[in-house]
Amino acid sequence: MKWDYSHNLLQVSASLHRWYGLPSEYQGNRIIDQWLNQNQFRTVIALLIDGMGTEILRPNLKENSFFRSFLSDSASTVYPPTTTAATTSFLTGKSPRENGWLGWNQYFREEDDQIILFRHHSEYGTAEYPDDFADRHLPILRIYDELNAHGIKADSVWPSWASHNPSRDYEDLLNHLLREAEDPEMRFVYGYWDELDSFMHEHGPSDPGTAQMLKDLDEKTRAFAEKLPDGIGLLILADHGQIDVHSYDMKNDGELCSFFRKAPALEARTVAFYLKEEKKAEFPEFFHHRFGDQFILKASGDPEAQAMFGPGKPSGRFEEFLGDFVAFAVTPLQLCYGKGTDLRGNHAGMMEAEALIPVILYPEVSE
């Protein structure tokens, strides 16, 4: 079990942190460093398109498309390849192991609940939590906040659900980014778009609609890039890719559920199991019999398992969030628990198409 942290999203983030004089314990991405040093941009826009992995681009866009024409590099995202872990790592420059943001939902013993970090809501119940719940329990410093704290003007732009700088649609988000970047004092703008990922969850990345949506995003992004004034650099990346998946509902498996003291957490393709004490010893053999050729099961204290979540000093709650055992998907199967079985596409496992993300640089890097 290995994950590539030598050519990774963490290096992409480190390049930006170092460019602005912020501390980073990681080396930068060589191509991004070259791009920044060559151009000496006044402002950098970092646009993250959720789900737009490298393996999504190649079969769905022509070689002369905007995204593929300016594709400068392809790197691994962090593990698990999922939005909660990857966007948090990009914005903080810290691995999931370090910042503690590991997956869609995490078990908090003080609430006795599996809580969706980005939605402040119980995964399996109806409980609602304060909007700052995740930030209070797992405090982080995002790059735009860190820059502003150092007197370097920065901002962020979001889809319509956000309270800060919401956008009606993708074109509105791009126009918002352009207005922000045209501010002569602005130095960094982060934009996030989630429509592609949502579509692929519902229909699957192989659905013809995925290619059509990508073409639309590509055309609108090209038009946006061509409007950018001199001195503004555009970095486009993703948090993860997606694959077509099929599901197994653990909640319908009484024998499997007899092992659980708490419902599973994290992701359907990286599952943290919380087991009854008296059942722990027999669980590995049982799980291997059920899923051994489709998942790798590791005890949460196993060094190989922990290394998957990145380098660096672990968050104080890191091992707690891994439960007793962690299962890592190596095929398109996902293990759901009463919900999510209708998803046609997903991510957060160990397959290459989930892991690889593009690094798109405009203007292009000079030789």
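How many aromatic pairs are there? With rings of Phe, Tyr and Trp (its six-membered ring) paired if their centres lie within 6.5 Å, the count is 36.

## Basis

This is a predicted model: local features need pLDDT of at least 70, side-chain atom pairs count only at pLDDT 80 or more, and totals for chains, interfaces and linings use all residues. Residues are numbered from 1 along each chain as its sequence is written, and side-chain values use heavy atoms, with hydrogens and water left out.

## Aromatic pairs

Y124 and Y337 form an edge-to-face pair (planes over 60 degrees apart), with 5.3 Å centre to centre and 80° between the planes. Y124 lies in the loop between β5 and α7 and Y337 in the loop between β15 and β16, so the pair ties together parts 213 residues apart in sequence.

## Nonpolar cores

A nonpolar core is a set of buried Ala, Val, Leu, Ile, Met, Phe, Trp, Tyr and Cys residues joined through side-chain atoms within 4.5 Å. The largest has 99 residues, and F90 and Y190 are among those with the most contacts inside it. A second, separate core of 21 residues includes F295 and L335.

## Helix α2

Helix α2 (a DSSP run of H or I, at least four residues) spans residues 30-39, and its buried residues are I31, I32, W35 and L36. They cover an arc of only 130° around the axis (taken from the directions from the axis to the C-beta atoms), which puts them on the same side of α2. Just after α2, Q40 takes a positive phi of about 50°.

Notes
Buried < 20%, exposed > 50% of the residue type's maximum accessible area, 1.4 Å probe, protein only. Helix = DSSP H or I, 4+ residues; strand = E, 2+ residues; numbered from the N terminus. Phe/Tyr/Trp six-rings, centres within 6.5 Å; stacked < 30°, edge-to-face > 60°.
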